[in-house]
Amino acid sequence: MDNKKIDSLLEKYWNCETSVQEEKELQTFFSGGDLPEEFRQYIPLFFYIRDEQSVTLSNGFNERLRNALEGEKRERYITIRIFRPLLRFAVSVLLVIGMGVSLYFISKQDNRSHFVETFEDPNVAMQHAAYALEKLSHALRKTETASMETIHFIDDLDIDWVALDSLNRINLFEIDSVKSKE
Amino acid sequence: MNIDSFHTVILPLKDKLFRMAYGIVRERAEAEDILQDVLLKLWSKREEWSYIENLEAYCFRVTKNMALDKLASMAVRKTGMIDSEKENLFFVDHRSPYTEMERKEQRSAIDQGIEALSENQRLVFTLREIEGMSYREIAETLAISEDLVKISLHRARQKMKEMLSEYHKDGQ
């Protein structure tokens, strides 16, 4: 490669206009010995790049990684094995406590009566009951009277119930024909 | 996407992910620990892979975030320090006409130049120069726009060029 081409490539390199391939060409050029004086100042940079590219993991790394990965799996297994009896115990305790609490509340509910006696004297109870029934009877009577009044009111309106009933069955044309008959 | 993705997509990325973590924390052992944590985390979330649009970019993002967290938690950032393994890299090229001392000095200058870049510039620079990623791949990996990738890379390269010129002048 002639010096002019290297010079031009270097110029492109400093301006970030070189491709990856052209940068490789420069690296190859600078790794050769006996370079022209004008390019020597750039040698340290390309030596640095070549040195850094040759940095690799140590030989024992793969072994260490494999052990670490296996160790992680084993650790999980051991953790489960250690905690399994404890988990069983915890579940049993929770079950017993849960059943105890449930039984306590159920038995408490059974003891509680739904109707509580609040009157000591039967006569007073009778009076209260009679009063409540009288109120109920009064309310029913009032409702019955109101219903009868409504029925009488509707009767007084003199509605043609036959025509109204027929609305559900016939169309508007038929209604007109009924009216014309009348 | 199924469990096989771990072997077909994620594991083949491990060297690239390692270099990304290493580029951030600059310590080999720390970077390996980060990568192991990243891979374990990804494995533990395997049920969620099918919901991830770009698993590769996701792996890089997880690595970047975990490496930055680790860096923040490290008490002292060992700027410019050279660990023994990195030091060995300086002497791999026996064809070089430069002496060991010169290469050490040059490497130190480059490390300082990289260190002077902003976090975004450094990440973009690393993904382009070391991993040879396209602008689009870098944009997806870092969840930024392609324009921002180009701007960051341009600034990073310009800074490195200035630094190299200064270094060259001082050496003469």
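A crossing of two helices is called left-handed if the near helix is turned anticlockwise from the far one by less than a right angle, and right-handed if clockwise. This is a predicted model, in which local features need pLDDT of at least 70 and side-chain atom pairs count only at pLDDT 80 or more, while totals for chains, interfaces and linings use all residues. Residues are numbered from 1 along each chain as its sequence is written, and chains are lettered from A and ligands numbered from 1 in the order in which they are written.

**View 1. Helix 2 and helix 4 of chain B cross in a right-handed sense.** The axes of helix 2 (residues 14–25) and helix 4 (residues 55–73) of chain B come within 9 Å and cross at roughly 25 degrees, where axes are lines fitted to C-alpha atoms, for helices over the stretch in contact, and angles run from 0 to 180 degrees between N-to-C directions. The two helices of chain B are therefore roughly parallel to each other, given that angles under 35 degrees count as roughly parallel, over 145 as roughly antiparallel, 65 to 115 as roughly perpendicular and the rest as oblique. Helix 2 of chain B brings Leu17(B), Met20(B), Ala21(B), Ile24(B) and Val25(B) to this contact, and helix 4 of chain B brings Cys59(B), Phe60(B), Thr63(B), Lys64(B), Ala67(B), Leu68(B), Lys70(B) and Leu71(B); two residues are in contact if their C-beta atoms, placed from the backbone, lie within 7 Å. By class, the residues of this contact are 10 nonpolar, one polar and two charged, with Ala, Val, Leu, Ile, Met, Phe, Trp, Tyr, Cys and Pro counted as nonpolar, Asp, Glu, Lys and Arg as charged, and the others, Gly among them, as polar.

**View 2. Helix 3 of chain B also packs on helix 4 of chain B, with their axes 10 Å apart.** The angle between helix 3 and helix 4 of chain B is about 130 degrees, which makes helix 3 of chain B oblique to helix 4 of chain B, and their crossing is right-handed. From helix 3 of chain B, Glu30(B), Ile34(B), Leu35(B), Asp37(B), Val38(B), Lys41(B) and Leu42(B) meet Cys59(B), Val62(B), Thr63(B), Met66(B), Ala67(B) and Lys70(B) of helix 4 of chain B. This contact has eight nonpolar, one polar and four charged residues.

**View 3. Helix 7 (residues 119–129) and helix 8 of chain B have axes that come within 10 Å.** Their axes cross at roughly 135 degrees, so helix 7 and helix 8 of chain B are oblique to each other, and the crossing is right-handed. Leu123(B), Val124(B), Leu127(B) and Arg128(B) of helix 7 of chain B face Ile138(B), Thr141(B) and Leu142(B) of helix 8 of chain B in this contact, whose residues divide into five nonpolar, one polar and one charged. Within helix 8 (residues 135–142) of chain B, the buried residues include Ile138(B) and Thr141(B); a residue is buried if 20 or more other C-beta atoms, placed from the backbone, lie within 10 Å of its own, exposed if 12 or fewer, and partly exposed in between.

**View 4. Arg26(B) and Ala143(B) each have a positive phi.** Arg26(B), in the loop between helix 2 and helix 3 of chain B, has phi near 60 degrees, and this residue counts as buried because it has 22 C-beta neighbours inside 10 Å. Ala143(B), in the loop between helix 8 and helix 9 of chain B, has phi near 55 degrees, and Ala143(B) counts as exposed because it has 12 C-beta neighbours inside 10 Å.

**View 5. Chain B and chain A meet in a contact that takes 32 residues from chain B and 24 residues from chain A.** On the side of chain B, the elements that give two or more residues are helix 2, helix 3 (28–44), helix 6 (100–115) and helix 9 (146–171), and helix 9 of chain B gives the most, with 10 residues. The residues on this side of chain B divide into 13 nonpolar, nine polar and 10 charged.

**View 6. Chain A has seven helices and zero strands, and chain B has nine helices and zero strands.** Helices (H or I, at least four residues) and strands (E, at least two) are DSSP runs, numbered from the N terminus. Buried residues make up 6% of the 182 residues in chain A, while 32% of the 172 residues of chain B count as buried. The mean pLDDT of chain A is 82, and 79% of its residues reach 70 or more, where pLDDT is the predictor's confidence in each residue, from 0 to 100.
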